[in-house]
Amino acid sequence: MTEMVVAARAPAPAAGRWGAAPPQELLERLKDYGQEGAFAFWDELGPEERDHLIRDIESLDLPRIDRIVRCSLRSQGAPVPTVEPVPESSVSTVDDRTPEDKERWWRRGLRAISEGKLAVVLLAGGQGTRLGSSDPKGCFSIGLPSRKSLFQLQAERILCIQKLAAQCTDAPGSTVQIHWYIMTSPFTDEATRKFFETHRYFGLEPNQVTFFQQGTVPCVSPDGRFIMETPYKVAKAPDGNGGVYAALKSKKLLDDMAAKGVKYVDCYGVDNVLVRVADPTFLGYFIDRGVSAAAKVVRKAYPQEKVGVFVQRGRGGPLSVVEYSEMDAAMTTEINQTTGRLRYCWSNVCLHMFTLDFLNQVTNSLEKDSIYHLAEKRIPSVHGYTSGLKLEQFIFDVFNYSPSTALFEVLREEEFAPVKNANGATYDTPDSARLMLLRLHSRWVVAAGGFLTHSVPLYMTGVEVSPLCSYAGENLEAICRGRTFHAPSEISF
């Protein structure tokens, strides 16, 4: 009888190579961290699903994840350090700068670029887009006359700066190459790579572009337990744009930069249509100040604008960023009685510059402290959408560790036109960003002696200047002086 029972059950190698129970060693490891619930559905899984679950769990660095979850949960509710407005000495304002300053910084920055001392890091990861497109955000066209994508605009600005930097060298005919490190996520990586290959890297050399993926972190319940997306897969999310630091370190890209002779790193987000990639003026200012970190900032447009602002942590402490959700009404509206402006006015717009030495130091500090921001979200799970926590680091977290930080004010209408929402939203849409670019470039054309005609109100349109013609409005006289351009249109070679 016993043999018959055994025979009846034997064909059920549904257990597969793992047997009826999960691998004991792996189960014990999960128990050590209170995560044995990941095997809750084991008995219901087929052989392939069990293999998938085992591989998924084995891919996790459990000690590191446990440290991140514990440290981050423990930091919740910790007293927020007192903050002070940013000292005026830390900010280079537009009003303070002279033409001589800007010219000096521009030339100093170009010289450093011509010597190969600058690398550019693009944050193009994340988990999706609110633009109504399944493509990575950098592939998106905002409807310019040229139909160029965000990636192409940025690549062509790099090409323009390379040309300008080569012209400032003493060796005629010399070439300059800026290395572009592009951070993707598991959700954007393949499509981003294919987009660059299809468009032949927009004129850049393939060997000067390096793609690398940011990490992911399991989504957890409020008590720190893994949420299961399916019975055989742990729910995960990208580790935030601040995951760039751990990724650069783990992929040995900081070592790669050092081997190339890089001293300075320009870091920015993909969704800013007006971003001045590898800006020589900002780089020259950064080198002049001799600081470890710097950020471009814009003044808050109004007290309730939903932007993070730079503050000083305690009297004499480091500069850091406070999110708008952490600011009370009094802090948001507080006025400097001397200037009549907001005391907390310097908005962080994800345009940063670092020394390579500082990045090497800070990646170790961030990993050691392991404190991530907790975002309460509805997480897709085996039980449907459930309330849980995503763990992220932010690009600005490093400022807490910087021994010296400088802020560089830029004008919103010249350098900050984010694309975060689909058309129809009230702000930061493709339409609003396109108009900002067309208006800026129209001002360049007029300043260079050109004229505009248009069949619709000019405030609704304008002209687009190819980055291959001009980086920031320079060198347009030969193209524009005395000529009339009909808007909307593109000015290119």
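## An exposed arginine

Arg200 counts as exposed, with a relative accessibility of 69%; the scale here calls a residue buried under 20% relative accessible area, exposed over 50% and partly exposed in between (1.4 Å probe, protein chains only). Arg200 is found in the loop between helix H7 (189-198) and strand S5 (209-213), where helices (H or I, at least four residues) and strands (E, at least two) are DSSP runs numbered from the N terminus. Its C-alpha atom is separated by 46 Å from that of Arg313, 113 residues apart along the chain.

A quick note on ground rules: this is a predicted model, with local features needing pLDDT of at least 70 and side-chain atom pairs counting only at pLDDT 80 or more, while totals for chains, interfaces and linings use all residues. Residues are numbered from 1 along each chain as its sequence is written, and side-chain values use heavy atoms, with hydrogens and water left out.

## Aromatic pairs

The structure holds 19 aromatic pairs. Rings of Phe, Tyr and Trp (its six-membered ring) pair if their centres lie within 6.5 Å; planes under 30 degrees apart are stacked, over 60 edge-to-face, and the rest tilted. Take Trp105 and Phe408: their ring centres are 6.0 Å apart and their planes sit at 70°, so this pair is edge-to-face. Trp105 belongs to helix H5 (residues 99-114) and Phe408 to strand S17 (residues 405-409), so the pair ties together parts that are 303 residues apart in sequence. Trp105 is buried at 7% relative accessible area, and Phe408 is buried at 2%.

Phe310 and Phe399 also pair edge-to-face, at 5.3 Å centre to centre and 85° between the planes. That pair links distant parts of the chain, with Phe310 in strand S12 (residues 309-313) and Phe399 in the loop between strand S16 (384-392) and S17, 89 residues apart. Both Phe310 and Phe399 are buried. Elsewhere, one aromatic cluster is formed by Phe151, Trp180, Phe195, Phe196, Tyr201, Phe202 and Phe211.

## A charge over a ring

Back to Phe408: the charged end of Arg97 sits over its ring, 4.0 Å from the centre. To qualify, NZ of Lys or CZ of Arg has to be within 6 Å of the ring centre and within 35 degrees of the ring normal.

## Cavities

On a 1 Å grid over the protein atoms alone, a cavity is a set of points where a 1.4 Å probe fits but cannot get out, a pocket is an open set with protein on both sides within 12 Å along at least five of seven lines, and lining residues have an atom within 4 Å of a point. Points are joined across faces, edges and corners, and a volume is the space filled by probe spheres set on them. There are three cavities of 30 Å³ or more.

The largest cavity has a volume of about 60 Å³, and its lining includes Arg157, Glu414 and Tyr471. Helix H14 (residues 430-447) gives the largest share of that lining, three residues. Domain 2 (81-427) and domain 3 (438-492) both contribute to the lining, so the largest cavity lies between them; the domain bounds come from an automatic or database assignment.

## The second largest pocket

This pocket holds about 760 Å³ of space. Of its 26 lining residues, Lys102, Trp106, Arg276, Thr281 and Ala472 lie nearest the centre. H5 supplies the largest share, seven residues. Domain 2 (81-427) and domain 3 (438-492) both give residues to this lining too, so the pocket lies between them.
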